[in-house]
Amino acid sequence: MKNTLTLKVVLCVVGGLLLPFLPQAQQSISITSPNRFVALTTTLATNSTIQYRVSYKNNTFIEPSSLGFSLSRPKLTLSQFSIVSVDSSTTDETWQPVWGEVSRIRNHYKALSLLLKDKSGVLVKVHFRVFNEGVGFRYEFPKQENLTHFVVADELTQFNLAGDYKAFWIPGDYDTNEYLYNTTKLSEVNAVAAAAKETDIALKSVIGPNAVQTPLMLKTPQGLYINLHEAALVNYPVMHLMLDKKTFTLTSHLVPDAVGNKAYLQTPFQTPWRTINVSDKATDILASKLILNLNEPSKITDVSWIKPQKFIGMWWEMHVGKATWEKAGGKHGANTANVKTYIDFAAKHGFDGVLVEGWNEGWEDWFGNWKENVFDFITPYPDYNLEELTAYARQKGVRIIMHHETSGSATNYERWMDKAYKYMNDHQINTVKTGYVGKIIPRGEHHDGQWMVNHYQRVAEKAAEYKIMVEAHEPAHPTGLHRTYPNWLANEAARGNEFNNAPKLGLVPEHETILPFTRLMGGPMDYTPGFFHFQLNQYDATRTTRVKTTLAKQLALYVTMYSPLQMAGDFPENFNKHLDAFQFIKDVPVDWDDTQILEAEPGDYITIARREKGKPNWFLGAISDENRRTTALPLNFLEEGATYQATIYRDGENADWQTNPAAYTIEKMTVTNKTTLNLRLAKGGGCAVSFRKI
């Protein structure tokens, strides 16, 4: 269904848009969301700057904030405007994602577009869309005589916050987003000090003490939840935010290239959307599809080969000291016999794939050398018989998942992509995990710069030509492009579960209650849940690292941390000790028809229920931070009049992430949508429930 109303105004008042035509006076235009909760006002101020202001239920949370650009070629500052024309429209349509948290998404907004003319004569359009859950806006540089090729020095977008809000933030950094989250007032942000504590991160390029990353989650003292991010990041660098602690103004800070420029562009061009999610309910932030709606529809016409999947990996062995990626040293994990044990386990338990890391030559000197030609992506180690393994896997209904670590050498990977993807096709491998550990080549470029943003997109496009699905580790933060490229299943782009083995800070119990409000706003994360062994000294007695959750919380993460590509992180011998709990990982789907956010508070707790794709079964995950928690959950999301068998995987009575993480209880009960489920979550705990319709 699509219903669109379009209205055009040229320097006058039409259809409820207020635009006083007084050149010497301030000119303002206001529009509201379809439900009238969100109001956007744009103003051409008396000093000729263009500003916007946003309120929710008549409470202003973004004060007048300026828009504009600084160009280095031609050398111009675009900030002194006159309004040439105004367009407005209303759109209400519904579309179906290839895969996702819901089967249908409503795209309902009111739009406002301003055609502006800078004093230099350059034309710039600003497009606003106001949804029930917030605002998106972007710049457009139309084709014009006064501007063709141009270089961006800075984007001057501001978010002038109305107060010293509580913030969930990580330091602004050009090369990594693998930080722990800090929870402070904006006035207490110190990104340099926070980054200095992070000795487990191999490569850091910290911007400064007042720089933070998006998605940025905020909460006002009045209980308003705000999320700032971006959508449709294409041919443009990542936007970080610089904080002015005196005014609580956040100003966009684009990632530079090797010579300090931000973006090389040609008209016509549209920037990514700047996104503002807002609600007085935390659950609405998690339920929002604003960022997806601001991305373009799928560019892949035949999507029949794109399949969400569940897999295990010959991966965690290397993190805990059982094996190594490199063949030298005698502990090489990716050998034919060992990988067959993973294939056998995957086939026995109905998994789709087996990820194998360390299979190809080059791991002996791959890290830290800023070396361009590291891997060729087609040469296995001699003890890894890929032909034998892929045939063995096919016989058992399982596929090998390819691993392409680039060591940051994107130039080398681009030279090899065609050969590497043909090699995958020849072996009937249809999914690849890419990695970008270390300094980027081209030297001087950053993980979050325009060149690398374009590289990640080129990988998705090239992989689609070979009908290959992609997940990327160490990329720029996601911005909803999985709608446009649905073969781009997931990304890491945050501190994942592998950091349980980081010797200094590792993970903390609240981490998983923050990530859905921050990193996952832009798209699915390969978080790699599913650890059943908690003290990580199993193969190295000197290790003091540990998993800081209960076992029941590890199960619940399969529901609360959405991804169409879910890994069971531990290895078979640890799963075999708890096969009754492992049953939930076997049962939980990776594609959904419906999602209900039942309760949530960033940094404290999240409870989510999801309905299986094409089936009446529901699955629920509830997680807590470092505190114990009890909750009563009405099961009114279940079908009216139907009866379900609920299998509840909960923390044991004495469970505690520190003292007794593996304590869990499994129980069954019959429920309906009139039932209230009473749950008790341990410290760092959780609960997972499957509801099968009887």
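Colleague: Happy to start with Arg483: which side chain of opposite charge is nearest to Arg483, and how far away is that side chain?

Modeller: First, a word on the source: this is a predicted model, where local features need pLDDT of at least 70, side-chain atom pairs count only at pLDDT 80 or more, and totals for chains, interfaces and linings use all residues. Residues are numbered from 1 along each chain as its sequence is written, and side-chain values use heavy atoms, with hydrogens and water left out. Arg483 is buried but has no salt bridge; buried means under 20% relative accessible area with a 1.4 Å probe, protein chains only, and a salt bridge puts a side-chain nitrogen of Lys or Arg within 4 Å of a carboxyl oxygen of Asp or Glu. The nearest side chain of opposite charge (Lys and Arg count as positive, Asp and Glu as negative; His and the chain ends are not counted) is Glu93, at 5.3 Å.

Colleague: Which backbone oxygen does the side chain of Arg483 reach?

Modeller: Arg483 sits in the loop between strand 28 (469–473) and strand 29 (488–491); strands are DSSP runs of E, at least two residues, numbered from the N terminus. Leaving out residues up to four places away in sequence, Arg483 touches several residues, among them Trp95, Leu292 and Pro297, where contact means heavy atoms within 4.5 Å. At 2.9 Å, the side chain reaches the backbone oxygen of Asn295.

Colleague: Why is strand 32 largely enclosed?

Modeller: Strand 32 covers residues 605–612. The rest of the structure largely encloses strand 32, because the buried residues number six of the eight.

Colleague: Which residue has a positive phi in the turn between strand 32 and strand 33?

Modeller: Strand 32 pairs with strand 33 (residues 618–624) in the antiparallel sense over seven bridges; pairing requires that DSSP finds at least two bridges between the strands. Arg610 has Phe619 as its bridge partner in strand 33. The hairpin has five residues between the strands, and the one with a positive phi of about 75 degrees is Gly614.

Colleague: What is the bridge partner of Phe159 in strand 20?

Modeller: Strand 20 (residues 249–254) is mostly covered, with five of its six residues buried. Strand 13 (residues 158–161) pairs antiparallel with strand 20 over three bridges. In strand 20, Phe159 is partnered by Leu250.

Definitions and conventions
Buried means under 20% relative accessible area, exposed over 50%, partly exposed in between (1.4 Å probe, protein chains only). Helices (H or I, at least four residues) and strands (E, at least two) are DSSP runs, numbered from the N terminus. A polar contact is a pair of N or O atoms within 3.5 Å; within protein, one must be able to donate a hydrogen and the other to accept it, and residues adjacent in sequence count only if both atoms are side-chain atoms.
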